[in-house]
Amino acid sequence: MGRHGGGGSPDPEIESHPRRWLILYILCLSLTMVVISMSSLNVALPSIQRELGAGGSDLQWIVDAYVLVFAGLLLPFGALGDRWGRKRVLVIGMTLFGILSALAAFSTSPGQIIAYRGGMGVAAALVMPATLSIATVIFPRSERPKAVAIWAAFAGAGGALGPPISGILLNFFWWGSVFLVAVPVAGVVLAGTLWIVPESRDDEQRPLDVVGALVSIAALGSLLFAVIEGPELGWGSAPVLGMFAAATVLVWGFVRWERRIRHPMLDPAYFANRLFSLGAATITLVFFGMVGMFFVLTQYFQFAQGHTPLDAGFRNVPLAATMMILAPRSPAFTQRFGARASISGGLLLTATGLGIMAALTPASPYWIMVIALVTTATGLSLFMPPSTHIIVTSLPQHKAGVGSAVNDTTREVGAAIGIAVLGTLLTVGYRSGMRTHVSGLPDAAAEGASDSIGAALRVSRDLPAEQAARLTESAVDAFNRGMTLAMGVSAALLALTAAATYLLYPREHAAGRHRQEQPDNSPAGA
């Protein structure tokens with residue numbers, strides 16, 4: 001089996017590989033495992049808290065350790081795959097992910113889970129860029145848009161599949177099963193990768209940009225730490241402002257360094273390509289809204305409507321199912337109407353779905369939520385494949401790993417910011433609605449009830465029936481106010497992004513067959 005070079009057209013032998021679609025589904029299975037690992041854990045947190053005595057800070061870092069390490073390492077590990085071999089990096093990442101998942105399943109303390117989750121973030125950062133970069137180089141240009149669309153469908157649907165899978169496992173097994181289920185999946189993917197996935201790398205063996213990698217890790221780590229801790233410590237607190245300042249200085253230093261060296265990890269000149277910049281910016285904003293939406297809906301279904309974790313998880317299935325059906329068909333729409341219409345129209349539909357959610361109340365029938373989820377998923381299905389395709393094909397082929405990592409990094413940064421910002425808006429709306437409803441409670445109970453709807457429902461269990469009913473009703477109403485604020489802001493932001501994308505999309509690429517072809521690979525190609 002031939003091996004892809006880094007600088008030219010795809011290897012003819014691999015182009016005609018009769019099993020390249022099977023290779024793609026092996027890659028998508030590993031991608032889905034990584035994405036599900038991020039979204040499924042939220043359902044297991046209450047069980048972990050009960051069994052291991054985890055505190056609020058422990059629970060936060062069980063979730064955030066993965067995101068912080070994962071996002072910070074995506075760029076350097078994407079570059080590592082380009083130089084060292086993308087299959088090799090994928091195999092190492094999958095092996096490490098399976099081992100750490102097994103260890104996490106049998107943790108005996110919150111600290112152990114946090115440590116293993118951080119290690120899983122390292123493994124995921126090896127896996128995720130490799131999946132898209134391998135898919136990019138093994139498919140001929142004519143089939144690449146469809147391959148990227150299938151990859152994007154799995155990437156988007158995986159987030160919605162995590163909660164129901166986690167709910168099923170917790171319904172029959174202990175909390176560790178949420179981690180342990182990744183072990184056989186990792187084994188299957190590892191066997192398939194070793195058997196059939198071809199190796200590919202940058203044949204010119206350009207030197208690794210070690211300084212750029214370290215500075216990018218520090219910059220993204222500082223930014224994400226500030227975003228994660230902002231809601232807890234306060235956006236105006238000294239540690240948060242200090243980390244934002246550090247991130248700004250480090251980004252400036254990264255750009256200066258990358259401009260000076262001969263072989264940069266990520267040449268800042270690529271951002272002069274308007275297609276590349278638009279793709280990165282829109283994906284960041286969409287994941288801001290999408291992951292923030294999951295954060296809000298988890299509480300809406302469980303706390304405001306009173307569903308079990310299993311029921312709540314399955315109520316997200318229409319989004320995943322719609323994406324799996326429609327996203328692979330997105331290239332045909334883009335081919336007919338153009339990337340500008342597909343991207344801006346997808347953004348507008350996503351904003352519409354979030355707008356419907358903003359108008360819901362806890363008493364709203366589920367069929368309205370189904371309409372909102374299907375509308376959102378339809379928009380994501382139109383938007384994600386062409387935006388992903390733009391990013392990975394705007395860079396030279398020897399930078400396939402870096403292009404994939406840029407795509408993945410924008411997703412993770414947008415997700416982290418979305419949870420932090422929309423979570424803050426949800427809290428602001430909730431606390432505003434609860435301000436006048438806790439005056440008759442003891443100080444400790446009033447403080448807890450004012451914090452979140454989950455805390456208010458716990459407080460209500462210790463109150464007399466009539467007072468508990470009033471507090472529960474007030475908390476649900478206050479949560480609805482916060483949800484309306486958070487989802488409304490997200491919908492408005494995406495609607496503005498849709499308009500800006502339509503206006504800023506390069507006119508010479510707005511129509512014609514270019515929309516399914518690779519743009520100019522030069523930095524200013526667009």
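Predicted model: local features only at pLDDT ≥ 70, side-chain atom pairs only at ≥ 80, totals over all residues.

Visitor: How much space lies in the second largest pocket, and which residues are the closest to its centre?

Guide: Rolling a probe the size of a water molecule over the atoms shows where empty space is left. Here the second largest pocket holds about 550 Å³ of space, and of the 21 residues that line this pocket, Leu 75, Leu 220, Leu 266, Phe 271 and Thr 409 are the closest to its centre.

Visitor: Which helices supply the lining of that pocket, and how do its residues divide by class?

Guide: At least two lining residues come from each of α9 (210–233), α10 (238–260), α11 (274–304) and α17 (400–434), with α10 giving the largest share, 5 residues. By class, the lining has 15 nonpolar, 6 polar and no charged residues.

Visitor: Is Ser 101 buried or exposed?

Guide: Residues under 20% relative accessible area count as buried, so Ser 101, at 1% relative accessibility, is buried. Ser 101 belongs to helix α4 (residues 86–105) and, leaving aside neighbours within four places in sequence, is in contact with Met 120, Phe 179, Leu 180, Ala 182 and Val 183.

Visitor: At what angle do helices α14 and α16 pack?

Guide: The axes of α14 (residues 330–337) and α16 (residues 366–393) lie 9 Å apart at an angle of about 80°; because angles of 65 to 115 degrees count as roughly perpendicular, α14 is roughly perpendicular to α16. The contact is made by Ser 330, Phe 333 and Thr 334 of α14 with Ser 381, Leu 382, Pro 385 and Pro 386 of α16, comprising 4 nonpolar, 3 polar and no charged residues.

Note on methods
Residues numbered from 1 in each chain as written. Heavy atoms only, no water. 1 Å grid on protein atoms, 1.4 Å probe; cavity = no way out; pocket = protein on both sides within 12 Å on 5 of 7 lines; lining within 4 Å. Points joined across faces, edges and corners; volume = space filled by probe spheres on them. Helix = DSSP H or I, 4+ residues; strand = E, 2+ residues; numbered from the N terminus. Nonpolar A, V, L, I, M, F, W, Y, C, P; charged D, E, K, R; others polar. Buried < 20%, exposed > 50% of the residue type's maximum accessible area, 1.4 Å probe, protein only. Contact = heavy atoms within 4.5 Å. Axes fitted to C-alpha atoms, helices over the stretch in contact; angles between N-to-C directions. Parallel < 35°, antiparallel > 145°, perpendicular 65-115°, else oblique.
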